[in-house]
Amino acid sequence: DAAPDGQRFLIVEPLEARIVRPGGELREVVIEGIVVHEDQGNRASVIGTIVDLTEQRKSARLLAEAIDELNEAQRLAKLASWRLNGLTQQYEWSEHMYELLGVPRSEAPSETLFYQHVHPDERAYLDSLRKRARSTHSLEPFESRLVHANGEVLHVVFRAAAQTNAAGATIGYRGVIQDITERKVLEEQLRHSQKMEAIGTL
């Protein structure tokens with residue numbers, strides 16, 4: 001770019017680099033600059049800045065690690081979490097929610113998409129609980145069934161709570177869904193074993 005006084009400016013693309021301070025400490029920085037060319041005397045000068053990104057990058061890495069650990073903890077505990085923004089009516093799902101339902105992560109989370117995976121025999125009951133929760137702003141934990149994309153029926157426990165602002169007004173909801181299918185199978189096996197044992201003693 002040219003300036004009225006005969007100067008020409010060349011903007012240099014930002015460059016990320018690592019520098020070592022005198023004490024040996026490594027810092028991550030981004031270097032930005034402008035080269036100023038003087039038409040008279042064919043001179044050039046550089047004006048630039050160096051911004052230290054070390055702490056920002058460290059915080060981002062720690063946040064990413066915390067999210068990974070949370071996702072792994074939810075996977076091990078068979079927990080899936082969700083959040084509904086009451087203002088935008090937009091849903092947010094955890095990584096394990098997609099896994100629980102067998103839904104591709106490219107799908108946008110929504111109430112319609114979730115209800116497609118609610119067991120047909122549970123939809124009326126779940127709908128009544130949802131309406132009650134919106135009027136009372138509370139919901140007791142309850143068991144229900146979902147259907148994975150592969151057709152597998154899952155036994156789950158729902159837990160949810162309203163989110164409020166400083167004035168006490170409800171601004172959204174958040175909750176967790178825990179897969180208890182394995183527990184249900186074991187309980188059924190135990191009941192069957194006890195029944196067979198009782199028959200054997202007759």
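Mentor: Let us begin with a term: two strands are said to pair if DSSP finds at least two bridges between them. Please keep in mind throughout that this is a predicted model. With the term in hand, you can see that strand β4 (residues 79-85) and strand β8 (residues 170-179) pair in the antiparallel sense over 7 bridges.

Trainee: What joins β4 to strand β5?

Mentor: Strand β5 (residues 91-93) runs antiparallel to β4, and 3 bridges join the two. In this pairing L84 has Y91 of β5 as its bridge partner. The hairpin of β4 and β5 has 5 residues between the strands, and in this hairpin Q89 takes a positive phi near 60 degrees.

Trainee: In what order do the strands of the open sheet lie?

Mentor: The open sheet has 5 strands in the order β5-β4-β8-β7-β6, with antiparallel pairing. Its edge strands are β5 and β6 (142-147), each of which pairs on one side only. From one strand to the next, the twist averages 30 degrees. Helix α4 (residues 123-136) packs on this sheet, where the helix touches β4, β6 and β8, and its direction makes about 130 degrees with that of β6.

Trainee: How should I think about the side chains of a strand?

Mentor: As a general idea, the side chains of a regular strand alternate between the two faces of the sheet. A separate matter is how far the residues are covered, and for that you need a cut-off: buried means under 20% relative accessible area, and exposed means over 50%. Strand β4 is mostly covered, since 5 of its 7 residues are buried.

Trainee: Is S144 buried or exposed, and why?

Mentor: S144, which is found in strand β6, counts as buried because its relative accessibility is 4%. Leaving aside neighbours within four places in sequence, S144 is in contact with E122, L154, H155, V156 and F158.

Trainee: Why does I11 count as exposed?

Mentor: I11 counts as exposed because its relative accessibility is 60%. This residue has its place in strand β1 (residues 7-20), and together with F9, I34 and I47 it makes a nonpolar surface patch of about 370 Å².

Trainee: How many helices and strands does the protein chain have, and what pattern do they follow along the sequence?

Mentor: The protein chain has 5 helices and 8 strands, and, read along the sequence, they follow the pattern β-β-β-α-β-β-α-α-α-β-β-β-α. Of its 202 residues, 28% count as buried. The accessible surface of the chain comes to about 14,000 Å², of which 55% belongs to carbon and sulfur atoms. Finally, among the contacts in the chain with a separation of 6 or more, 37% are accounted for by residues 24 or more positions apart.

Methods: Residues numbered from 1 in each chain as written. Predicted model: local features only at pLDDT ≥ 70, side-chain atom pairs only at ≥ 80, totals over all residues. Heavy atoms only, no water. Patch = residues over 30% accessible without salt bridge, like charges linked within 9 Å, V, L, I, M, F, W, Y side chains within 5 Å. Areas by Shrake-Rupley, 256 points an atom, 1.4 Å probe, with all protein chains shown as cover. Salt bridge = Lys/Arg side-chain N within 4 Å of Asp/Glu carboxyl O. Helix = DSSP H or I, 4+ residues; strand = E, 2+ residues; numbered from the N terminus. Buried < 20%, exposed > 50% of the residue type's maximum accessible area, 1.4 Å probe, protein only. Axes fitted to C-alpha atoms, helices over the stretch in contact; angles between N-to-C directions. Contact = heavy atoms within 4.5 Å.
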